[in-house]
Amino acid sequence: MKLPVTVISGYLGAGKTTLINHLLRNANGMRLAVLVNEFGALSIDEDLIEAEEEGLMSITGGCVCCAFGGDMIGVLEDMRDSKPGFDHVLLEASGVALPGSIMTTVGLVDGVRPDASLVLADADQVERNAADKYLSDTVLRQLEQADILLITKTDLVSAEKLSQVEDWLKTQAPHARTLRAERGAVPLEAVVGTTPLAGRRSSEPMAKSAFASTVLYPDGPVHAENLARALADTDAITRAKGYVKTDEGLALIHVVGQRYEVEAADGLHDIGVVCIGAKAVFDAEFVQSLVQTKP
Amino acid sequence: MTQTTIFSARKIITMNPNRPVVSHVAVRDGRILGAGTLEELAGWGEYTLDDRFADLVIMPGLVEGHAHTMEGALWSFTYVGWFDRMDPDGKTWPGLKTVDDVIARLKEAEGRIEGPDAPLLGWGLDPIYMNNVRMSRHDLDRVSKTRPVGVLHASGHILNVNTKGLELAGLLKEGTNHPGIPLGEDGLPTGELKSPEIIMPAGKHVGMDRAFLAADETGLRNYARLCVRAGVTTSSDLGQQLNDDLVAMFTRVTGEDRFPVCLVAFRINFGVGPKELVDYTATLADRSTDRLEMGKIKVVADGSIQGFSARLQWPGYYNGVPNGLWYVAPDQLAEIYERALAAGVQVHTHTNGDEATQLTIETLEAALRKHPDFDHRFTLQHCQLASEAQFRRMGRLGMCVNLFANHHFYWGDEHYRLTVGPERAERMNACRTALNAGVPMTIHSDAPVTPLGPLFTASAAATRQTASGRTQGEAQRISVDEALYAITMGAAITMKMDDRIGSIETGKRADFAVLHDDPTEATPESLKDIGVWGTVQGGRIFESSGI
């Protein structure tokens with residue numbers, strides 16, 4: 001299986017650091033590798049840090065944070081080859097970087113998969129930044145290159161303002177799924193996706209959050225590509241991930257916003273696709289109906 | 001007991017307006033005791049008269065305000081550029097005019113390499129002059145099919161590799177979809193790699209390893225030898241990720257008895273946040289030595305104009321491509337400026353496009369309101385597209401500028417035709433406007449982007465000739481005298497070293513460029529052809545032919 005990479009971008013102050021700390025704190029046993037351009041750009045909460053040496057920080061729960069400087073591909077290869085391996089890479093882009101080109105570069109590395117472009121937009125600031133004479137085109141290009149657009153600092157604005165910003169963001173990033181996060185609080189599953197865990201049909205943190213999930217258990221073999229496409233086409237979910245049986249064997253489906261990918265899978269895996277979306281638009285019944293999609 | 005040596009010369013040009021030309025200069029303890037007649041200087045007491053320069057012309061040691069010591073490291077690899085270029089040994093490598101010539105030279109170099117798997121790297125290729133011919137992996141396969149072969153372009157933004165190089169980099173596969181990796185008709189990459197994040201990992205396999213990209217001892221020594229040949233006694237190394245190890249290495253190498261140049265090593269804003277950048281660089285000032293000046297920061301604000309990554313103001317690029325990229329977030333730039341002003345650390349900022357220049361001006365103006373500094377001399381490096389209004393504002397804010405006069409020669413025709421169009425091409429690197437606006441100004445090579453050679457750079461600013469021989473921007477030409485001032489005092493002022501270097505007068509370091517002819521008598525065109533005998537640096541004599 002390829003190592004998935006989520007590129008996290010957004011202008012300074014959009015909440016990238018808060019989000020990453022939140023994800024590390026709630027990693028639930030997933031081994032995450034956080035890559036940053038430079039140390040100092042991201043401050044990992046001190047209580048999470050176990051050790052620090054040049055260029056590499058060890059974090060509670062088997063996670064690491066490391067600075068890639070000018071050698072993103074080299075560090076991605078290091079992460080891919082490390083033992084024990086990592087489950088997911090979170091790559092924090094600089095405030096003015098364009099996620100699209102980073103995603104493309106990540107795609108060059110063998111054994112690594114650009115999973116999603118997650119762009120953070122500060123509810124209070126994003127429109128101002130998008131109107132700034134120096135930043136405008138950079139911010140708009142970032143938004144446009146999002147698979148998932150995470151609206152942050154929602155508590156700093158009124159409800160009217162929030163829905164107005166959300167509408168505006170949808171016009172700027174028509175292809176992205178838009179999610180709201182308060183103080184970085186978004187479940188890991190919604191960001192990196194999850195496969196069904198044995199004996200656990202829904203995940204704990206999700207129950208209390210603004211997200212909902214459902215798991216698809218197709219009865220027989222499915223056309224993985226068609227199922228993935230159908231899941232990518234619906235606004236009802238943001239992420240879907242899991243194993244399905246096909247006529248050619250097991251396949252792993254990844255869906256992020258409108259992006260999807262199907263990988264052939266080796267070994268034994270429980271069948272099931274976890275679909276996650278914002279409660280406001282989530283429609284479990286509809287999502288379950290998609291499993292009926294036939295070639 | 002201190003000794004005084006008095007040098008005579010055919011002519012000594014001082015850059016000291018009080019006595020612009022003298023016949024003798026007295027040196028004691030590596031510093032200039034005085035400049036004047038022999039009779040005047042004899043007043044200092046006992047001396048030895050040294051007539052070795054009697055037939056030569058002395059001027060202040062030339063100061064290169066924007067170069068990279070990597071120029072020295074590159075000579076460990078094979079030069080394949082269009083123009084003739086001199087290596088640290090003084091050998092001139094003829095420019096190569098066709099892809100076949102390039103292949104032939106690489107093949108020759110290939111024959112000298114030991115080990116069947118060792119990589120081979122060429123550098124300096126500039127297809128602009130070869131009708132933009134595209135080199136492919138098949139071309140480089142003619143050099144070798146078994147060892148990785150790479151050719152780095154003059155711009156540093158493109159790398160060509162052979163099939164073996166692609167294979168080792170894991171790129172020899174179909175289905176690659178990346179704007180920086182053009183594909184051939186067979187669906188496989190052509191071998192041309194066009195963006196830094198791809199050049200880095202692929203470059204590793206063709207000889208551009210981490211040691212190549214960072215400074216190394218041999219590279220520094222080779223660079224210093226090139227300086228002697230160019231008449232340079234002080235050179236910036238504009239942008240190193242200085243840390244204690246690198247500082248120790250620089251200190252050791254520049255401290256060697258016969259190291260012939262003073263390096264001004266700037267800490268670049270990569271790899272660390274603004275606070276650590278400024279705090280660390282501030283500690284370096286006190287660790288400076290006679291031949292290693294530190295405690296200054298370089299920030300990169302945008303990309304390059306010919307790479308279409310510079311940030312331009314409206315109406316943008318002449319060929320209509322989208323605006324370039326910020327290499328620093330505007331808020332981060334502001335934080336660096338504020339912290340640096342508060343700490344008394346000087347910042348030089350790379351801006352190419354006029355939008356990047358505008359951002360730095362506005363950001364500095366705001367930072368200065370919080371932390372007034374009446375002699376900050378924050379300097380814009382390249383600043384190629386600045387408008388008259390921008391220069392006026394820079395002048396009022398106390399900023400300095402280092403313009404890329406060589407660019408005009410090497411890429412001026414491209415700028416006219418493609419990047420910014422005729423009108424703005426004529427105002428690029430506007431030396432005249434800078435001087436009129438009272439902005440302290442110097443000019444540079446950005447070696448290894450163009451060859452180190454301040455006399456060439458001065459000539460380029462005085463003629464404004466492009467490679468095709470057109471004068472581009474007549475109104476921005478400066479006189480030979482102004483150009484000579486720019487490559488001595490001008491550069492010294494931008495680096496806040498004008499109290500020590502840049503002119504020949506009492507108290508300054510005994511740094512001289514020793515020339516075969518009088519540059520003040522040269523025409524703008526012939527200035528570049530003046531032969532350099534060598535240098536005197538801190539009173540030590542270095543002859544090009546023996547370096």
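Trainee: At about what angle to β17(B) does helix α12 of chain B run?
Mentor: Helix α12, residues 354–370 of chain B, lies across β17 and β18 of chain B. Helices (H or I, at least four residues) and strands (E, at least two) are DSSP runs, numbered from the N terminus. Axes are lines fitted to C-alpha atoms, for helices over the stretch in contact, with angles running from 0 to 180 degrees between N-to-C directions. On that scale, α12(B) runs to β17(B) at about 155°.

Trainee: Over how many bridges do β17 and β18 of chain B pair?
Mentor: Before that, note that this is a predicted model, in which local features need pLDDT of at least 70, side-chain atom pairs count only at pLDDT 80 or more, and totals for chains, interfaces and linings use all residues. As for labels, residues are numbered from 1 along each chain as its sequence is written, while chains are lettered from A and ligands numbered from 1 in the order in which they are written. Two strands pair if DSSP finds at least two bridges between them. Strand β17 (346–351) and strand β18 (379–382) of chain B pair in the parallel sense, and the count is four bridges.

Trainee: Which residue in β18(B) stands opposite His348(B)?
Mentor: In general, strands of a sheet pair through backbone hydrogen bonds, either parallel or antiparallel. Here the pairing of β17 and β18 of chain B is parallel. Opposite His348(B) you'll find Thr379(B).

Trainee: Which strands stand at the edges of the open sheet of eight strands in chain B?
Mentor: The order in chain B is β6-β14-β15-β16-β17-β18-β19-β20, with parallel pairing. From one strand to the next, the twist averages 25°. Each edge strand has a single partner, so one side of it is left without a neighbour in the sheet. Those edges are β6 (62–64) and β20 (441–443) of chain B.

Trainee: What is the strand order of the open sheet of five strands in chain B?
Mentor: Its pairing is mixed. The edges are β7 (78–79) and β13 (192–193) of chain B, each with a single partner strand, so each has one side without a neighbour in the sheet. Read across, the order in chain B is β7-β10-β11-β12-β13.

Trainee: Which residue in β10(B) stands opposite Tyr79(B)?
Mentor: β7(B) and β10(B), the latter covering residues 120–125, run parallel and are joined by two bridges. The residue opposite Tyr79(B) is Trp123(B).

Trainee: What angle does helix α3 of chain B make with β10(B)?
Mentor: Helix α3 (residues 99–112) of chain B packs on this sheet and touches β7, β10 and β11 (149–153) of chain B. Its direction and that of β10(B) make an angle of about 150°.

Trainee: And what angle does helix α6 of chain B make with β12(B)?
Mentor: Helix α6 (residues 196–203) of chain B packs on the sheet too, touching β11, β12 (159–161) and β13 of chain B. Relative to β12(B), the direction of α6(B) is at about 40°.

Trainee: How are α14(B) and α17(B) oriented to each other?
Mentor: Helix α14 (405–419) and helix α17 (454–463) of chain B pack at about 75°, with axes 7 Å apart. Angles under 35 degrees count as roughly parallel, over 145 as roughly antiparallel, 65 to 115 as roughly perpendicular and the rest as oblique. The two helices are therefore roughly perpendicular.

Trainee: Which residues of α17(B) make the contact with α14(B)?
Mentor: Two residues are in contact if their C-beta atoms, placed from the backbone, lie within 7 Å. α14(B) brings Ala405(B), Asn406(B), His408(B) and Phe409(B). From α17(B) come Thr457(B), Ala460(B) and Ala461(B).

Trainee: How far apart are the C-alpha centres of domain 1 and domain 2 of chain B?
Mentor: Domain bounds come from an automatic or database domain assignment. In chain B they give domain 1 (78–206) and domain 2 (213–537). Nine residues of domain 1 are in contact with nine of domain 2 in chain B. The C-alpha centres of these two domains are separated by 29 Å.

Trainee: What's the separation of the C-alpha centres for domain 1 and domain 2 of chain A?
Mentor: Chain A is divided into domain 1 (3–186) and domain 2 (194–292). Twelve residues of domain 1 are in contact with eleven of domain 2 in chain A. The C-alpha centres of these domains of chain A lie apart by 23 Å.

Trainee: Which element gives the largest share of the side of chain A that touches chain B?
Mentor: Across that interface, 22 residues of chain A are in contact with 21 of chain B. The elements of chain A giving two or more residues are α2 (72–81), α3 (99–106) and α5 (136–144). The largest share, three residues, comes from α2(A).
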